Amino acid sequence: MSTNTDKVSVWFKVAPESDFPNNGGVNVKYKDTQIAVFNNKRKGEWYATQNLCPHKKEMILSRGIIGDASGVPKVACPMHKKTFSLLTGENLNGDEETLKVYPVKVEDGFVYIGFSE
Ligand code: FES
């Protein structure tokens with residue numbers, strides 16, 4: 001589970017856990033929003049962010065490389081390697097653009113993303 005779940009009003013059932021690649025991301029569409037969902041198998045953690053990279057407005061973050069920056073799980077955009085915290089969405093390069101992050105949970109083998117509506 002990642003990020004705060006206090007404000008979640010809808011848990012969107014995405015897909016079985018087995019549909020997600022280990023240590024990689026998948027692009028999921030919820031209404032008009034594209035969400036990048038990441039399965040960090042090494043740590044046993046899941047994360048979700050907007051799929052839109054704010055740098056050049058590319059829908060591409062689900063294809064980013066996940067890793068760790070001093071203990072903070074991060075994703076690096078495949079286009080120009082800007083990196084973002086998967087916990088807070090903070091831009092770890094010190095730029096202003098941040099990502100929206102969403103809570104993720106896995107229950108009975110299914111992955112859910114939390115939204116507050
Ligand atoms: S488009 Fe993502 S870093 Fe440039």
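This is a predicted model: local features need pLDDT of at least 70, side-chain atom pairs count only at pLDDT 80 or more; totals for chains, interfaces and linings use all residues.
**Entry: the fold**

I looked up the secondary structure next and found twelve strands and zero helices.

**Entry: size and packing**

I noted a box of roughly 35 × 30 × 25 Å for the C-alpha atoms, taken along the principal axes. Then I checked the radius of gyration, which is 13 Å. A compact globule of 117 residues would have a value near 13 Å, so the two agree.

I also looked at what is tucked inside: buried residues make up 39% of the 117. For contacts with a separation of 6 or more, I found that 46% are between residues 24 or more positions apart.

**Entry: charges**

I counted 15 positive and 14 negative charges, and their mean positions are 4 Å apart. Side chains of opposite charge can pair when their charged atoms come close, so I went looking for pairs. How many salt bridges are there? The count comes to four, and I wrote up three of them, starting with Asp68 and Lys43.

*Asp68 and Lys43.* Their side chains meet at 3.4 Å, N to O. Asp68 is in strand E7 (residues 65-69), while Lys43 is in the loop between strand E3 (33-40) and strand E4 (45-50). The pair links distant parts of the chain, 25 residues apart. Are these two residues buried, exposed or partly exposed? Asp68 counts as partly exposed because its relative accessibility is 42%, and Lys43 counts as partly exposed too, at 41%.

*Lys82 and Asp95.* Here I read 2.7 Å, N to O, for the salt bridge. Lys82 lies in the loop between strand E8 (72-76) and strand E9 (83-85), and Asp95 in the loop between E9 and strand E10 (101-102), so the pair ties together parts 13 residues apart in sequence. Asp95 has a relative accessible area of 30%, so I marked it partly exposed.

*Lys105 and Glu107.* The side chains of Lys105 and Glu107 form a salt bridge at 3.2 Å, N to O. Glu107, at 39% relative accessibility, counts as partly exposed.

Methods:
Residues are numbered from 1 along each chain as its sequence is written. Side-chain values use heavy atoms; hydrogens and water are left out. Helices (H or I, at least four residues) and strands (E, at least two) are DSSP runs, numbered from the N terminus. The radius of gyration is taken over C-alpha atoms; the globule rule is 2.2 Å times the number of residues to the power 0.38. Buried means under 20% relative accessible area, exposed over 50%, partly exposed in between (1.4 Å probe, protein chains only). Contact means heavy atoms within 4.5 Å. Lys and Arg count as positive and Asp and Glu as negative; His and the chain ends are not counted. The place of a charge is taken as NZ of Lys, CZ of Arg, CG of Asp or CD of Glu.
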